[in-house]
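Try each task before reading its solution.

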Amino acid sequence: MINLPKIYDPKIYEKDCYQDWLEKGYFKPAVSKKETYTIVIPPPNVTDVLHLGHALNNTMQDVLIRWRRMQGFVTLWLPGTDHAGIATQNMVCKELAKEGKAKEDIGRDKFVECLWDWQKQKGGKIIEQLKEIGCSADWDRLRFTLDERLSRAVREVFVRLYEEGLIYKSEYIINWCPSCRTALSDEEAEHKPMKGHLWYIEYPFEKGEGGITVATTRPETMLGDTAIAVNPDDKRYRKLVGKHVILPIMERRIPIIADEAVDMEFGTGMVKVTPAHDPNDFIIGRKHNLPEINVLREDGTMNDNAGKYAGMDRFDCREAIIQELREQGLLKKIEDHDYSAGHCYRCGTLIEPYLSKQWFVNMKPLAEPAKAAVKRGMVKFYPKRWEGVYLDWLENIHDWCISRQIWWGHQLPVWWCESCQEYVVSREDVEKCPKCGEPLVREKDVLDTWFSSWLWPFSTLGWPENTSDLECFYPTDTLVTAAEIIFFWVARMIMAGIHFMGEIPFKSVLIHGTVRDETGRKMSKSLGNGIDPLDIIDQFGRDALRFTLIMQASQGQDLFLSSKSFEQGRNFTNKLWNASRLLFSNLSKKYDYKEIKGVKPKTLLDRWLLSRLNQVTKAVTRSLDEFRLNDATFNLYHFFWHDFCDWALECYKLRWNQGDQEAEKICLYVYEKILRLFHPIIPFVTEALWGFLREHFIDDLPSASIINAPWPKIPAKFRDEIAKEDFEFIQDLITAVRKERNEWNIAPDKKSELKVVVYQKGIRETILDNEDVIKFLSNASSVGFTAKRPRGGLTCYISPRAEVFLILKGLIDIGKESARLEKEIEQVSSFLKGVRGKLLNRDFREKAPREIIEKELEKEKYLSDKLGKLGENYRLLKQMKE
């Protein structure tokens, strides 16, 4: 029979495997009325390159897709990329800067051409990298958020929402990035802790002497102050409400007003109100009809409303104002102050709350059905705790700022008529006003990238057309994603799906953890602690990468990895390969699959192994159903490594040597099921071994490729609790004998005699039926029975069923072993005396931390038990001397 090469080299066996799957169309489902299972990929940015987070996310999706495909579902994993408006524009701007140019130098049309050229030449690299890790997505259905079809869906949604009164344009306080020069949604402003200051500034009264003092973290914005506010319940300042103060530097008269929003504990309890540069101040300003004075330009420099500071950078202006206030005697004190501030999620620039005219979506009407979908269990989160996070966000949802002041993206389908002074919103491009016939001017802004992404589950399937794909594969089934985009994306997709399709977009949301290094730090370029998945593939192989990620990915928990972690996956694929070599080298013929399917257990080992296979298959299937992918992997790992390799294959060697073909068939039956069970997790090595199996050992296997092999269903008749109990007794007995032989340093070439006292009816027959296995695996010369403890017999195993004795005579040097035990008893007694002395010490008991005391108690028990065992062994040797 064929022998596998001694070493598994993933570079040889993985090289052509993926291309073969592609060429044979295994990833491409046909539209069908059969039951479907669909996943849409969280589209990576077109600028992205593969990192471990992508590898984890997409391996998890691939495991689910491969599993469901084997279960007989019509499976679609729909891939694609996101145009990533700000990120891609910044990337191309950097390329232009190398030539000494800015985007304004070449104009919008030419710049957009450059963006498309960049996308075609360099974008989408990550798609090829996803293929490297074995993703079985339907690449013929690859989508891009700026595709013509998806762009049509985006425009249709914008127009519908506008017609429904849910999209509007308004001047509002928004998050502004001075670097990217665009508005950001609340979710795109990443809040980070900062160490700053509170500057206490005096505002002189309009009349008379003195003034009031307010504290601020942003002195430069005081140039736009239009009021001072106090809480109406603050008795300290009630008499001041209605009076006026003079705004320092600008010499502007501003009122003191009362508003419940003021925190009496912050600073002095009096706050400056700058409606154009603070979201809370904006609300107060609208409530009290205050002027809204913007003192900043889009690039973060001061504008003409800042007076003599016009043109200065915002932070330079801050320093200049502080100096001027100090010189005027109006800077009363400075305190250190820790606070949190928003930063641009793309470039990291400190954002500015900024008064600007922007387009918004009214989210509350969309949020209510999305809340109900989760509360009613129509959409379920795994782990469940994320449902609370999702619902809390929807309870406090704000309107979504969807316009962006960049050039890469979906340009708003909005035109302005100067003559009619109104907007025209259209599904088609228009040039003239439908009312007056005058030329129209199109809005320059583009839509937030997430405005196309929230339509992803149905726009990718052809909506707004009623396509066969949409009818067949919507709603999708599972979304696998990270917690940080629950708000950006998951919640909005649920809203969009319900609003435009009348159905939820997916039934399950699987939230995975973050990949961190061994010390717990998130992997990032800036920390230099990232691991390139392609390096891992080159060093260990694709399956090693996949196995390690899934094995470590407890549901919803973070992963802590180093490059060394992936040795676990490499070691496992090697173990699978070597076990296959052992099995294949002991097979006497090629069997027909009908023979394998019809196996009948005839020994306790057969019954136990088939029962364990039944049990494990159910457990793995249940774990995958519940999205506990690591549990499924661990159960399989344990069954294969310990049950199949450590026990079954070792035991079957006896029967193989006797030419027992029933033993060969049992092994093949279990082995080919193991390959199928492992395939979703480690598809490359299982495909290679399936090919060897099909070519050399089993005719008419269920499919040419394991990718289409049916998911195992083990007959219920193989479930055998009695066999499980009996074989576990045999395992425990053998393990105990091996342990004692090791402790007594018995040489491997010396076989031991075992004596058994039977305590339970039927156990004698169990031992006799498996005597060959017991002798073979415990290195025993004989297994006999006795009514009582034999002279010189060491108790090596005891249970309610039997007691087993190891006869030491002839196996050890009694004098030498006695001397060794005396020395060890002396050492252990000394250690035990020290521990007990410490525990009896009152000072130690009263002052030592609880965990230290508990460790000492554990140490005492261990040493006490060990001393008892040593004493028992010493007495046995003494008895043997007599």
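Contact means heavy atoms within 4.5 Å. Axes are lines fitted to C-alpha atoms, for helices over the stretch in contact, and angles run from 0 to 180 degrees between N-to-C directions. Helices (H or I, at least four residues) and strands (E, at least two) are DSSP runs, numbered from the N terminus. The model is predicted: local features need pLDDT of at least 70, side-chain atom pairs count only at pLDDT 80 or more, and totals for chains, interfaces and linings use all residues. Residues are numbered from 1 along each chain as its sequence is written, and side-chain values use heavy atoms, with hydrogens and water left out.

**Exercise 1.** Find which strands helix H25 lies across, then work out the order of the sheet.

Step 1. Helix H25 (721-743) lies across S28, S30 and strand S31 (802-807). Its direction is at about 140° to S30.

Step 2. The open sheet has four strands, in the order S29-S28-S31-S30, with mixed pairing. Two strands pair if DSSP finds at least two bridges between them.

Step 3. Strands S29 (780-785) and S30 (793-798) form the edges, each pairing on one side only. From one strand to the next, the twist averages 25°.

Step 4. Five bridges link S28 (752-758) with S29 in the parallel sense. Val756 is opposite Phe785 in S29.

Step 5. Helix H27 (771-778) also packs on this sheet, where it touches S28 and S29. Its direction makes about 135° with that of S29.

**Exercise 2.** Determine which residues of helix H6 are buried and where they sit around the axis.

Step 1. H6 (108-121) has 14 residues. From first C-alpha to last it reaches 20 Å, close to the 20 Å expected at 1.5 Å a residue. The expected span is 1.5 Å times one less than the number of residues.

Step 2. The arc is that of the directions from the helix axis to the C-beta atoms.

Step 3. Asp109, Lys120 and Gln121, on the other side of H6, are exposed (over 50%).

Step 4. The packing partners of the buried residues include helix H4 (85-98) and strand S21 (446-447).

Terms used: Buried means under 20% relative accessible area, exposed over 50%, partly exposed in between (1.4 Å probe, protein chains only).
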